[in-house]
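Please load the model in a viewer and keep the selection panel at hand.

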Amino acid sequence: MKRGYLPLETLPAWQHLNGVELSGVAFRKFGFDEHGADKGSGIVATDTKSSSENDAKPEILLQIPGDLVLSLETVQDYAKSDRDLRDVLEAMGDFGRTARGAILIFLLIQLSHNSPDLQSKHTVGVSNPWSEYVKFLPPSFPLPTFYTAQEQELLQGTSIEGALEAKNASLEREFDSIQEATKSIPWCQELWWSEGTGALTIEDWKYIDAAYRSRMLDLPGSGLAMVPCIDMANHSCGDSVKALYEEDSQGNAVLQLRWGKTLQPGEEITISYGDEKPASEMLFSYGFLEDGRTAAREITLNLDIPEDDPLGLPKRIFCQNDSSIRIKAARSSDEADEVAWESDLAWVACVNEEDGLHFGLAQTTDGGRELEVRWKDEKIQSPRHLREILAADPLWEIIQLRAAVLLLERLETQLGLLQELQEPISKIKEDQVALESMFRPGIFETIFRFRNMEGELLEKAVEDLIKQVREIPMPPSLTRVCLDLTDHGTRELSYWHPKSLPRILGRKQRMEMKWKTFRDVRDKTAAL
């Protein structure tokens with residue numbers, strides 16, 4: 001549906017009308033960057049401001065009345081006097097009782113209230129301060145959910161390729177559920193869904209989701225919420241962050257100068273969206289990467305249990321369908337980057353019945369049944385508990401080997417997918433005409449940087465996993481296990497069993513067995 005917009009220059013009138021207090025700050029559009037991308041708006045200082053740790057009170061830059069903070073509680077209050085909002089919230093059931101669900105539905109009502117497509121037919125909802133404020137939201141968001149097909153292709157091999165597919169599928173399911181739940185409400189059927197007069201599309205739902213994700217704050221008292229005016233503060237990190245958001249004793253949302261910081265007229269006032277957030281989250285949720293960022297920090301990928309695993313289904317249930325692997329770069333004691341990984345499913349995938357893992361059904365106190373997991377004779381409470389038990393098991397070195405090879409196989413596959421596009425993307429980068437004709441300003445450069453960051457972390461993770469395999473201390477059942485790279489770049493695991501040693505030494509020959517996949521490692525070590 002068409003949306004109504006107001007220029008930023010008219011925002012002061014809205015502020016005065018709704019009791020928003022400013023102290024030495026203003027809102028400003030920043031124009032375009034060197035790639036031609038719109039830099040949007042932000043908050044800048046109009047006066048010199050300073051804050052010392054010796055100050056009795058913080059320096060308040062913005063104060064937003066508590067009733068303007070858009071939270072679950074606020075939406076529920078609005079619904080008491082807005083029948084249209086209340087009807088949709090009730091129709092959506094549990095979804096409308098969550099903070100995200102309630103806020104998205106509220107925003108949908110406000111966009112419908114303002115839409116030129118609908119105003120001549122029926123006034124949706126009751127006018128409130130947010131009915132006007134949503135007109136100050138940008139006309140579009142540079143989030144991956146709005147990438148063109150060509151821009152999405154650039155994400156091949158990155159960690160957000162699959163996340164974007166899952167997100168789009170989730171948004172489509174939500175949109176379908178809204179239609180199913182509200183089509184019996186007469187005005188919804190006429191204005192949103194009717195083939196002749198309906199104006200609501202999946203793009204509207206994506207827009208609302210993008211507005212929420214990119215502007216949502218976690219306030220100490222209100223929880224997840226959108227805060228007008230403060231949501232215009234842009235992100236920075238480290239010492240360059242000038243301000244922070246908080247709630248005062250009266251329930252107002254405030255933007256205050258950080259202790260020890262100074263502002264000069266014209267200087268932008270920034271907050272932190274999270275200094276430790278990985279590049280994937282910054283790009284996925286906010287649509288940009290910081291100018292000074294050089295590292296991905298963390299990659300989250302999906303891990304599949306081998307199709308021939310007879311316990312695949314109960315293993316997934318036990319892990320609550322969490323199939324993620326988190327690869328994270330960490331600074332070690334000698335200041336060198338080390339790569340650590342976390343995955344509940346990896347440890348569960350590495351063991352089976354012949355090792356001591358058993359699944360069964362146990363009766364609960366209310367007469368129902370639940371999945372029961374045991375490692376040999378000990379009941380396992382969680383995947384993390386299983387990891388702790390395995391670490392004390394005589395099979396631990398073999399299990400470590402299996403887990404490392406399983407992860408190595410997954411990371412090499414991901415790295416291969418990422419590298420497939422590297423050459424054609426590099427060529428496009430050198431062809432300015434092709435670049436400008438295929439991609440929007442700034443999008444290509446952002447994705448190009450992102451791909452390089454994730455590629456560097458994946459390469460380091462593969463390198464570290466190879467090192468871990470080589471350093472795993474082998475039990476007496478395995479004299480030696482090594483991992484080598486062949487001339488073709490494939491992995492080959494070689495092992496020597498003690499029973500083979502006399503023949504090996506007598507013939508001065510090395511008896512090798514090549515293992516190239518996790519299945520090979522699992523099956524061969526199970527036989528030992």
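Throughout this tour, a residue is called buried under 20% relative accessible area, exposed over 50%, and partly exposed in between, with a 1.4 Å probe and protein chains only. The model is predicted, so local features are reported only at pLDDT of at least 70 and side-chain atom pairs only at pLDDT 80 or more, while totals for chains, interfaces and linings use all residues. Residues are numbered from 1 along each chain as its sequence is written, and side-chain values use heavy atoms, leaving out hydrogens and water.

**The whole protein**

The protein has 528 residues, of which 48% count as buried. Colouring by secondary structure shows 19 helices and 20 strands; these are DSSP runs numbered from the N terminus, helices being H or I of at least four residues and strands E of at least two. Contact means heavy atoms within 4.5 Å. Of the contacts with a separation of 6 or more, 64% are between residues 24 or more positions apart. The accessible surface is about 26,100 Å², and carbon and sulfur atoms hold 48% of that area, as computed by the Shrake-Rupley method with a 1.4 Å probe, where for residues only the protein chains shown count as cover.

**Salt bridges**

Side chains of opposite charge can pair when their charged atoms come close. A salt bridge here is a side-chain nitrogen of Lys or Arg within 4 Å of a carboxyl oxygen of Asp or Glu. The whole structure contains 25 of them.

Select R83 and D87. Their closest N and O atoms are 3.8 Å apart, forming a salt bridge. Both residues belong to helix α3 (residues 83-91), where they are four residues apart, about one turn of the helix. R83 is exposed, at 60% relative accessible area, whereas D87 is partly exposed, at 22%.

Next, select K242 and E267, a salt bridge whose closest N and O atoms are 3.1 Å apart. K242 lies in the loop between β8 (234-235) and β9 (243-247), and E267 in the loop between β11 (262-263) and β12 (270-271), so the pair ties together parts that are 25 residues apart in sequence. K242 counts as buried, with 14% relative accessibility; E267, with 24%, counts as partly exposed.

Move on to K315 and D309, whose side chains meet in a salt bridge at 2.7 Å, N to O. Both of these residues are buried.

Then select R100, K167, E174, D209 and R213 together: a network of salt bridges links them.

Not counting residues up to four places away in sequence, E454 touches T158, S159, S280, A296, I299 and L418.

**Aromatic rings**

Rings of Phe, Tyr and Trp (its six-membered ring) pair if their centres lie within 6.5 Å; planes under 30 degrees apart count as stacked, over 60 as edge-to-face and the rest as tilted. The structure holds 17 aromatic pairs. Select W187 and W192: the ring centres are 5.0 Å apart and the planes lie at 70 degrees, so the pair is edge-to-face. Both residues are buried. Compare W341 and W347, with ring centres 5.2 Å apart and planes at 25 degrees, so that pair is stacked. W341 is buried at 18% relative accessibility, and W347 is buried at 10%. A further selection of W14, W130, Y133 and F136 shows a cluster linked by ring pairs.

**Charges over rings**

A charge sits over a ring if NZ of Lys or CZ of Arg is within 6 Å of the ring centre and within 35 degrees of the ring normal. Select R3 and Y207: R3 lies over the face of Y207, 3.7 Å from the ring centre. Return to R213, a member of the salt-bridge network. Its charged end sits over the ring of F284, 5.0 Å from the centre.

**Last stop: D275**

Finally, select D275, in the loop between β12 and α10 (279-286). D275 is partly exposed, at 28% relative accessible area. Leaving aside neighbours within four places in sequence, D275 is in contact with S236, C237, G238 and R297. D275 and H235 are 40 residues apart in sequence, and their C-alpha atoms are 9.4 Å apart in space.
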